[in-house]
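Colleague: I want to learn how to read a helix and a strand in a model. Can you take me through one of each?

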Amino acid sequence: MSKIGIFYGSTTGTTEHVAGMVAEALGASAADVHDVSKASPSDVGAYDVVILGSSTWGDGDMQDDMQDFIDGLKALDLKGKKMAFFGCGDESMTDTFCNAVGKMYESLKGTGAQIIGAYQADGYDFSHSDADVDGSFVGLLIDNVNHEDMTAARVNGWVDELKKEI
């Protein structure tokens with residue numbers, strides 16, 4: 001069985017909460033869920049599957065701690081690892097919705113890791129997201145501001161798909 005590590009950057013606690021939901025749905029231990037402000041990029045070495053989560057801020061930027069963590073990951077050889085992304089945002093930020101997911105993907109797609117976890121999120125209303133690559137989302141997009149009632153179903157649906165790729 002693959003060892004799964006979940007690494008998140010969270011400012012308000014929403015992304016932390018979603019990271020916990022993902023871990024529970026995957027059956028991952030709480031000890032394998034890491035706040036990147038307290039973790040080192042080298043910590044991903046202990047895992048076969050690395051799941052990264054970040055909220056989106058400002059003009060579509062990653063959460064500050066996650067940006068630093070991603071910068072460190074780019075220097076590592078991640079060949080042989082599987083990597084998935086999730087992010088939290090507010091679709092009313094219509095031109096930058098969950099851009100952090102797309103930025104993580106763009107930053108890490110050349111590291112040798114196998115990117116998994118594409119997801120088709122229906123029911124959102126926004127004009128642009130960096131997470132939309134070639135007509136598909138490169139990870140799970142969560143809007144707990146406008147669609148909190150859909151979060152659990154989306155997490156569970158995404159994790160069901162992830163399990164097929166892990």
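Modeller: Keep in mind that this is a predicted model. Begin where the helix stops: Gly27 follows H1, and its phi is positive, near 75 degrees.

Colleague: What does H1 span, from its first C-alpha to its last?

Modeller: Compare the span with the one expected at 1.5 Å a residue. H1 covers residues 14–26, 13 residues in total. It reaches 18 Å, close to the 18 Å expected.

Colleague: Which residues of H1 are buried?

Modeller: Buried means under 20% relative accessible area. In H1 these are Thr15, Val18, Ala19, Val22, Ala23, Ala25 and Leu26. Their arc around the axis is only 165 degrees, so they lie on the same side of H1.

Colleague: What covers them?

Modeller: The cover includes strands S1 (4–9), S2 (33–35), S3 (49–57), S5 (82–88) and S9 (140–142). Helix H4 (151–165) is also among the elements that cover them.

Colleague: Now the strand. How many residues of S3 are buried?

Modeller: Eight of the nine, so S3 is largely enclosed by the rest of the structure.

Colleague: In which sense does S3 pair with S1, and with S5?

Modeller: Look at the direction and the bridges. S1 and S3 are parallel, over six bridges. Gly5 has Val50 in S3 as its bridge partner. S3 and S5 also run parallel, joined by seven bridges. There, Ser55 is opposite Cys88.

Colleague: And S4?

Modeller: S4 (residues 61–62) runs antiparallel to S3, with two bridges. Thr56 is opposite Met62.

Definitions and conventions:
Residues are numbered from 1 along each chain as its sequence is written. This is a predicted model: local features need pLDDT of at least 70, side-chain atom pairs count only at pLDDT 80 or more; totals for chains, interfaces and linings use all residues. Side-chain values use heavy atoms; hydrogens and water are left out. Helices (H or I, at least four residues) and strands (E, at least two) are DSSP runs, numbered from the N terminus. The expected span of a helix is 1.5 Å times one less than its number of residues. Buried means under 20% relative accessible area, exposed over 50%, partly exposed in between (1.4 Å probe, protein chains only). The arc is that of the directions from the helix axis to the C-beta atoms. Contact means heavy atoms within 4.5 Å. Two strands pair if DSSP finds at least two bridges between them.
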